[in-house]
Amino acid sequence: MISFMIALAALIVGYFVYGRFVEHVFAPDDRPTPAVAKADGVDFIQLPNWKVFMIQFLNIAGTGPIFGAIMGAWYGPWAYVWIVLGCVLAGAVHDYLSGMLSVRHGGANLPTLVGTYLGKTTRAVMLIFSVFLLMMVGVVFVYSPAILISGFCGSTMLWVVVIFLYYILATMLPIDKIIGKFYPVFAIALLFMAVALMVMLFVKMPSLPEWWTSLGAGNLNEPKSLLGAESFIQKNPVFPCLFLTIACGAISGFHATQSPLMARCIGSERLGRPIFYGSMITEGVVALIWATVSSYFFYHGGWREVVDAETVNAFLAQANTEGGKTLVQYFTAPEVVKLICNGWLGAFGGILAVFGVVAAPITSGDTAFRSARLIIAEALNISQKSIVKRFYIAIPMFGAAIALLAWQMENPDGFNTIWQYFGWGNQTLSVFTLWMLTVYLVQQRKPFVIMLVPALFMTTVCSTFLFVSRQALGLEQPLGYALGGIVLVVACVWFLVWYRKNQA
């Protein structure tokens with residue numbers, strides 16, 4: 001628990017110290033924001049400050065800081081290190097600068113910003129890449145919530161139709177009609193669940209793996225003996241897998257596609273730090289709490305408090321027939337959420353768990369489709385004030401989404417396939433954004449190192465993952481790491497050459 005408390009304090013201090021430094025670097029002023037200068041009653045609407053914060057938080061969070069942190073806890077205390085350093089030094093800066101650049105450029109979407117600073121060719125790549133990524137998010141968050149809800153009532157297909165119809169409404173209607181009304185409530189519930197679990201952690205004060213004793217051990221991706229059954233599962237090394245497993249809560253490229261939504265609703269540039277940087281730090285706190293709760297669950301017998309004996313015996317029997325599995329393989333992230341919330345928080349916790357695994361992904365899916373609509377409209381220069389013109393974009397977009405959804409439902413491994421590509425694509429999107437922000441800071445004669453270091457790091461992470469991942473090239477780790485190192489050297493040389501030309 002000491003590592004958890006240090007990490008929690010570091011996130012809070014990071015907001016007040018490093019966040020203020022980054023704000024000073026950008027230098028917000030009193031110029032009119034897009035919400036004022038371009039108000040259209042649909043996407044450009046000035047909302048109350050607290051609503052903007054809550055919507056931004058839920059837009060970038062969803063289930064990301066919950067599910068990602070649960071899976072990241074398998075790596076032991078490394079999860080704490082990455083959440084703190086990634087969030088304070090990379091993710092929150094990434095979100096703040098991309099959001100504020102959108103404000104400065106009239107509420108521009110990410111592909112437009114990338115094109116402004118990295119060129120037209122990169123803009124075209126980003127346009128296709130980001131729209132496809134957003135559609136994958138929307139499709140993934142149709143089918144998985146539908147399956148969970150059908151466990152309570154109705155059929156899966158019925159809930160697929162209901163959720164998809166909701167997505168259409170949320171995408172087409174003005175942002176203050178549905179998103180502005182319901183998102184703050186959902187965000188408050190998500191925060192309440194995290195705070196309640198943190199209180200329970202301090203009540204229980206469990207002994208957990210610490211930075212100084214367990215960084216090199218306690219990785220549940222290694223062979224372990226849990227629940228009385230030996231397990232040998234595919235090794236997923238800390239580098240680069242941890243940095244893709246925990247994205248929301250550390251750094252996530254998806255956030256840069258969501259920040260322009262609130263860049264169109266913010267009333268003053270001076271609110272950027274609490275809204276963009278602050279919401280990312282808040283997400284980091286949520287991820288830190290779930291990583292700690294999951295460490296207790298997986299490592300120190302916390303599962304015994306919330307799993308009944310009959311279920312344990314069933315797991316043991318299945319382990320004997322399947323050759324042995326760990327808790328990691330038996331308890332998926334949604335199951336961990338339901339077990340812990342029900343066991344620690346009672347009936348009310350059960351309601352919060354349903355929200356966590358159902359409502360939160362739905363609220364990520366609808367804003368993903370909304371962002372995709374706005375990105376396409378901006379690229380084609382089609383005004384979105386008229387609902388008829390909104391349908392020009394929405395009809396083919398939802399048609400393509402339905403086709404992708406149908407493929408996912410027909411393919412037994414469809415969800416896992418889409419999710420794996422989304423995980424890598426999400427962090428690759430952050431690489432584009434980080435390089436774009438680095439170029440902006442160089443051109444503005446500002447301290448560009450604050451973005452250059454995260455850009456180089458994430459470039460190495462994503463390229464190394466391509467080399468060593470079984471879903472990509474699947475090379476041996478020594479060779480994959482060597483190739484990742486070569487990519488890092490090439491990126492450094494490329495930047496130095498460009499920097500000298502820029503200075504000249």
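Q: Is arginine 445 buried or exposed, and what does that label rest on?
A: Exposed means over 50% relative accessible area, buried means under 20%, and partly exposed is in between (1.4 Å probe, protein chains only). Arginine 445 has a relative accessible area of 57%, so it counts as exposed. One caution: this is a predicted model, where local features need pLDDT of at least 70, side-chain atom pairs count only at pLDDT 80 or more, and totals for chains, interfaces and linings use all residues. Residues are numbered from 1 along each chain as its sequence is written, and side-chain values use heavy atoms, with hydrogens and water left out.

Q: Where does arginine 445 sit?
A: Helices here are DSSP runs (H or I, at least four residues), numbered from the N terminus. Arginine 445 falls in the loop between helix H20 (414-443) and H21.

Q: What should I look for in the backbone angles?
A: Most residues other than glycine have a negative phi, and most peptide bonds are trans. Arginine 445 has a positive phi of about 60 degrees, though it is not a glycine. Alanine 27 also has a positive phi, near 65 degrees; this alanine is in the loop between helix H2 (18-26) and helix H3 (34-37) and is partly exposed at 38%.

Q: Which residues does a cis peptide bond join?
A: Phenylalanine 239 and proline 240, with omega about 10 degrees. Proline 240 lies in helix H12 (residues 238-245).

Q: Which residues does serine 463 touch?
A: Contact means heavy atoms within 4.5 Å. Leaving out residues up to four places away in sequence, serine 463 touches Gly484 and Val487. Serine 463 is in helix H21 (residues 449-468) and, at 11% relative accessibility, counts as buried.

Note on methods: Helix = DSSP H or I, 4+ residues; strand = E, 2+ residues; numbered from the N terminus.
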